[in-house]
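Let's take a friendly walk through the inside of a protein model. Please have the sequence and the 3D view ready.

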Amino acid sequence: MTAPATPRTAPTSTGLRRVVADDLSGAAEVAGVLLARGRDCEVILDGSPRDSLATSLRSPADEGVTTVVDTDHRAVDPASARDAVRAATADPAGAALVVVKVDSLWRGNVGPTVDALRDNGFQVVVAGALPSLGRTVRGGLPVVGDVPLADTALWALEPHPAPRAVADLLDGPVTAVPLDVLRAGWTLGGQDLSVLDGETDADLRAAATAAVDAVTGGRRVALVGSAALVAAVADTTSAPPRGTAAPLVAPGHRPVVLAVGSGSAAATAQTAHLRAAALVDDHTHLLTIDPVDRPGEAVADLARRVGRTHPAADLVLTGGQTARAVLDHLGVRRLRPVAQPDHGVVVSLADDGRLVATKPGSFGQDPTLTDLVRLLRALRSGAPTAPQEIL
């Protein structure tokens with residue numbers, strides 16, 4: 001792992017105070033990235049993100065907290081996605097630096113996301129590489145390993161073919177920034193929309209550095225990319241003073257309900273491992289969906305079954321759409337991350353006191369669900385535990 005760069009000094013008002021994510025597992029992944037860097041953060045789930053954010057920022061106790069807003073706009077229609085991002089980034093205080101986390105396989109509403117940011121007066125920099133998973137951008141083409149995304153089967157379940165180029169997802173003129181230009185000390189000029197190549201975390205830090213320099217010079221910049229881009233921005237800006245006290249997990253027994261809404265090969269292997277470990281019993285319940293079902297109806301039914309199984313249980317939720325549906329059904333609106341046992345796998349404390357573990361469907365190893373059940377039990381078994389003690 002590459003060591004974080006020395007933070008650049010930037011006024012608090014131009015630092016990283018807000019991240020928008022297009023689904024809940026992505027928002028939790030971002031929260032894990034920030035938590036690992038010692039930053040207080042909170043995930044907000046709300047149908048009116050702008051109002052929730054404004055309320056949060058008005059509280060002095062939250063001044064040191066980076067807010068991650070889950071707008072849940074990956075799977076909605078383009079017009080609704082544009083409205084959601086526009087609302088989440090329209091800040092009357094004029095926040096100058098915003099990062100929007102989108103899917104590292106470029107699924108969902110990337111184009112409407114960029115349009116909304118431009119509506120709100122941001123210069124937009126798209127830097128979508130996720131080097132840790134071999135997802136890069138070369139010559140403007142999204143690449144997985146050494147294969148162009150369009151030549152893989154990773155979009156097999158999507159309604160449209162994968163894009164050949166990142167620019168295919170965007171409207172209007174695009175300024176392409178190749179690797180040699182980026183690595184030579186690229187600076188953000190007056191262009192409205194830039195698409196950056198990227199292969200390494202250092203490339204993402206170069207993008208973040210250019211954005212922070214532009215913001216320090218008085219401009220408004222929005223970065224669009226993966227959780228690795230959020231990490232790069234966090235490593236490039238000064239952390240705000242710590243705000244609210246770290247969340248504490250109250251000891252005591254609670255059942256665990258696992259809701260697996262992903263039909264990915266990884267999720268299938270993880271549920272098999274969990275059953276083989278004999279952890280599914282009267283206190284640990286495993287709920288799944290048939291991947292051939294109509295996704296929206298199946299996820300909604302799964303959310304209802306979670307509530308009926310045990311309304312106060314701790315939760316393990318696989319798949320961003322599933323996680324959001326379950327938490328909406330249960331009325332959970334805020335999450336404070338307390339542990340990140342693996343990349344993208346985050347355990348949070350919900351505003352109703354339950355523990356919620358989330359992970360994207362394709363993330364993790366075979367024992368991941370088994371390990372999460374054991375982690376939730378461990379967190380409930382002992383004395384109150386602060387986040388830094390279990391990272």
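What follows covers the nonpolar cores, a cavity and the aromatic rings.

This is a predicted model, in which local features need pLDDT of at least 70, side-chain atom pairs count only at pLDDT 80 or more, and totals for chains, interfaces and linings use all residues. Residues are numbered from 1 along each chain as its sequence is written, and side-chain values use heavy atoms, leaving out hydrogens and water.

A nonpolar core is a set of buried Ala, Val, Leu, Ile, Met, Phe, Trp, Tyr and Cys residues joined through side-chain atoms within 4.5 Å; buried means under 20% relative accessible area with a 1.4 Å probe, protein chains only.

| Core | Size | Residues named |
|---|---|---|
| Largest | 59 residues | L327 and L335, with the most contacts inside it |
| Second, separate | 26 residues | including V98, V102, F122 and V137 |

Apart from neighbours within four places in sequence, L327 touches L24, L45, L315, L317, V332, L335 and V356 (contact: heavy atoms within 4.5 Å).

Where does the charged end of R220 sit? It lies over the ring of F122, 4.2 Å from the ring's centre (the cut-offs are CZ of Arg within 6 Å of the ring centre and within 35 degrees of the ring normal). F122 is also one of the residues of the second core.

The structure has 2 cavities of 30 Å³ or more. A cavity is a set of points on a 1 Å grid over the protein atoms alone where a 1.4 Å probe fits but cannot get out, and lining residues have an atom within 4 Å of a point.

Conventions. Buried means under 20% relative accessible area, exposed over 50%, partly exposed in between (1.4 Å probe, protein chains only). On a 1 Å grid over the protein atoms alone, a cavity is a set of points where a 1.4 Å probe fits but cannot get out, and a pocket is an open set with protein on both sides within 12 Å along at least five of seven lines; lining residues have an atom within 4 Å of a point. Grid points are joined across faces, edges and corners, and a volume is the space filled by probe spheres set on the points.
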